[in-house]
Amino acid sequence: MTFKTKANQIAKSSQNQPQYHHYRKYVLIILTLSFIIIACTNISKLKQSSVTHSSTDNTVLKIWWDKGFTVDEDEAIQQLVSNWEKQTGNKVKLSFYVSDELPQKARRFIQVGNPPDIMMSSGAERVLNPHLAWEGKLADVTNVIEPVKNLYPKYALQAVNYYNNAAKKRSYYAVPINQSTVHIFYWRDLLEQIGRSEKDIPKDWDGFWEFWKQVQNNLRAKQQKQDIYGLGFPFSTGASDTYIFFEHILEAYDVQILDSKGKLLIDDQKVRQKIVQALDWYAKFYQQGYVPPDALNWLNPDNNRSLLNRLVVMTPNNTLSIPCSVRQDPNTYRHKLGILKFPNKPNGKPMRYILTLRQAVLFADSQQQKKALDFLAYLIQSEVIDKYLKAAGGCNLPIIKTLWQDPFWKDPTDPHVSTAVKTVTEGSTRLFSYVQNPAYSVVLEENIWGKALNRIIEDKISPEQATNEAIKQIKQIFAQW
């Protein structure tokens, strides 16, 4: 069913339900996306690309790609693949999979010796690619990177320069596709209902987060919205959103887990105490009732869904998927849905953002090495990747430096893209700690921080105990590398 047809059906239904007009008359698109997201969490293998060919043909290039949060994202990569097919005469089998499932599925197929040729998974760069490169399961893509090396910022090259323990060398084992980082998304019109606006939001750390607690209290008292929560923080062990956001909290408290050479620093009592402080700070929002109770069970789409269904006033998110979902409603996109950067750190200094760099990898066991390398080289051509990212709705940002000059990414009237671009290009940023040591990818994969938070909330242990357990688990992981 098309996006427009679904929206029309919802609109016709709502005409017979006037009691909802005061609350949701302008969120047809939001509701539609919610249904799409919910469906994504329950479907394993999703529709194949329009350019799919039989998998029994051993000349076909097999590509696995994350299922997008919007139709535009899927159609954009389908079109790119179709263009390459027409240009080269090659055939492609493009398959979409839910991002939560793709890394695990890839592992299973690698074990039986039947991986795809190419994979792009939004979580793989943190929890899978460092592992696979270490084990010699990824093909070297230096020949793809070298001709365009000068177009990338240094951090992008660092992010894909993995160590291959089998070959005893570092090299480029992935191709950077796009980047993103965490921003805060919120409803301006909900603030207006209680006489507040963006100018009232404090910039200091404690004041910023306290503000959203007050918003919840005021909405419940004045508008009788007893089912609304001020903060859409993820808490589950099944969502990468949990550790991505909590890693930013650790950054806010200046927690340094590894040194520049990848050595653990968590035996330092000052580091340990800061982890205690961060876990205690995070858990209290749930314990005090400012986070939805089901946040303990959220998967990655659920914070999006909760915001779009107006169950929470604000939520952090690691991409622009939330604004992308309402882009076709200009009033909601530009005016009702707000975007914010983090407040200053507790010490008053500006926040440093952790970047997610999505990557495409070529498996070492691929039977189509030459075709795969040719496709990757085509994919990262400046004009090709720029057209793809824009067609996908701008949900993720480009990495190639020259693309920042494109008016699409510099449009000051686009509050979401322009804010995110400034964060990435003008702010202080860093990569996840797997870059210093691939062992940290296992810490993220096992969601050690999510487990610690769950122990505090569900098992009622102290933040000190949870910290001790987390440190013990991290040391055990590093001892195996």
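The lining of the second largest cavity divides into five nonpolar residues, three polar and one charged. In this classification Ala, Val, Leu, Ile, Met, Phe, Trp, Tyr, Cys and Pro count as nonpolar, Asp, Glu, Lys and Arg as charged, and the others, Gly among them, as polar. The model is predicted: local features need pLDDT of at least 70, side-chain atom pairs count only at pLDDT 80 or more, and totals for chains, interfaces and linings use all residues. Residues are numbered from 1 along each chain as its sequence is written, and side-chain values use heavy atoms, with hydrogens and water left out.

**Cavities**

- The structure holds four cavities of 30 Å³ or more. On a 1 Å grid over the protein atoms alone, a cavity is a set of points where a 1.4 Å probe fits but cannot get out; a pocket is an open set with protein on both sides within 12 Å along at least five of seven lines; and lining residues have an atom within 4 Å of a point.
- The volume of the second largest cavity is about 50 Å³. Grid points are joined across faces, edges and corners, and a volume is the space filled by probe spheres set on the points.
- The lining of the second largest cavity consists of Val182, Pro234, Asp241, Ile244, Phe245, Asn303, Pro316, Asn317 and Asn318.
- At least two residues of this lining come from each of α12 and β9 (314–317), and α12 has the largest share, with three residues. Helices (H or I, at least four residues) and strands (E, at least two) are DSSP runs, numbered from the N terminus.

**Largest pocket**

- The largest pocket contains about 700 Å³ of space. It is lined by 40 residues, of which Ser99, Ser122, Gly123, Ser240 and Asn300 are the closest to its centre.
- Two or more lining residues come from each of β2 (61–66), α4 (71–88), α5 (102–111), α6 (124–127), α12 (240–252), α14 (302–308), α18 (382–391) and α21 (440–445).
- Helix α12 gives the most to the lining of the largest pocket, with four residues.
- By class, the lining of the largest pocket has 18 polar, 13 nonpolar and nine charged residues.

**Aromatic pairs**

- The whole structure has 32 aromatic pairs. Rings of Phe, Tyr and Trp (its six-membered ring) pair if their centres lie within 6.5 Å; planes under 30 degrees apart count as stacked, over 60 as edge-to-face and the rest as tilted.
- Phe208 and Trp209 are an edge-to-face pair because their planes stand at 85°, with the ring centres 4.7 Å apart. Phe208 is buried at a relative accessible area of 3%, and Trp209 is buried at 1%. Buried means under 20% relative accessible area, exposed over 50%, and partly exposed in between (1.4 Å probe, protein chains only).
- Trp209 also pairs edge-to-face with Phe342, at 6.4 Å centre to centre and 65° between the planes. This pair links distant parts of the chain, 133 residues apart: Trp209 is in helix α11 (residues 205–222), and Phe342 is in the loop between β10 (337–340) and β11 (352–362).
- Phe342 is buried, with a relative accessible area of 7%.

**Charges over rings**

- The charged end of Arg126 sits over the ring of Phe432, 5.9 Å from the ring centre. The criterion is NZ of Lys or CZ of Arg within 6 Å of the ring centre and within 35 degrees of the ring normal.
- Arg310 lies over the face of Trp187, 4.9 Å from the ring centre.

**Positive phi values**

- Arg310 is not a glycine, yet has a positive phi of about 60°. Arg310 is in the loop between α14 and β9 and is buried, at 2% relative accessibility.
- Lys460, another residue other than glycine, has a positive phi near 60°. Lys460 is in the loop between α22 (448–458) and α23 (463–479) and is exposed, with a relative accessible area of 67%.

**Disulfide**

- The structure holds one disulfide, defined as a pair of cysteine sulfur atoms within 2.5 Å. Cys324 is joined to Cys395, with S to S at 2.4 Å.
- The torsion about the S-S bond of Cys324 and Cys395 is about -140°, so the disulfide is left-handed.
- The two cysteines are 71 residues apart and link distant parts of the chain, with Cys324 in helix α15 (residues 321–325) and Cys395 in the loop between α18 and α19 (407–410).
- Cys324 is buried at a relative accessible area of 10%, and Cys395 is buried at 2%.
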